[in-house]
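Please open the model in your viewer and keep the sequence alongside it, so that each selection can be followed in turn.

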Amino acid sequence: MNWYLAVLKKYAVFNGRARRKEYWMFCLFNLIIGFILGFVEGLAHEGFGILGAVYGLLAFLPGLGVAIRRLHDTGRSGWWLLLGLVPLLGMIVLLIFMLIDSDPAENEYGPNPKLQIA
């Protein structure tokens, strides 16, 4: 939960680096929250998905920020996210970028977050 809250504290921070763990824990909590909101809306027979839409809007900027910082951690610009607009192939390449290990040393986006004390 701390990883999720750390991303929310950096609500619209698009510079620096983010570890794999920070990115994937944020994704995991978003998935869990999405399932819970969908379940609650299903129980309430709410067909519009208002809760999910509001949560999606609130989580968009932190999600964008952590994705850009994750790309920075691998030595890539945040503009690589636009590769996701390419059907299927773009998403596969982005998935690989998000899964690979970070640059071990300092890069143009900052020091390695694994070496920093939290």
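Begin by selecting helix 3 and helix 4, which pass each other in a left-handed crossing (the near helix is turned anticlockwise from the far one by less than a right angle; helices are DSSP runs of H or I with at least four residues, numbered from the N terminus). This is a predicted model, in which local features need pLDDT of at least 70 and side-chain atom pairs count only at pLDDT 80 or more, while totals for chains, interfaces and linings use all residues. Residues are numbered from 1 along each chain as its sequence is written, and side-chain values use heavy atoms, without hydrogens and water.

Now show A67, R70 and L71 of helix 3 together with L94, F97, M98 and L99 of helix 4, the residues that make the contact (heavy atoms within 4.5 Å).

**The loop**

Next, select L88 in the loop between helix 3 and helix 4, where this residue has a positive phi of about 55° although it is not a glycine. Most residues other than glycine have a negative phi.

**The core**

Of its 15 residues, Y4, Y23, F26, Y55, V66, L71 and M98 touch the most other members, and helix 3 gives the largest share, five residues.

Finally, centre on V66, whose contacts, leaving aside neighbours within four places in sequence, are V7, A18, E22, Y23 and F26.

Technical notes. Helix = DSSP H or I, 4+ residues; strand = E, 2+ residues; numbered from the N terminus. Core = buried A, V, L, I, M, F, W, Y, C linked by side-chain atoms within 4.5 Å. Buried < 20%, exposed > 50% of the residue type's maximum accessible area, 1.4 Å probe, protein only.
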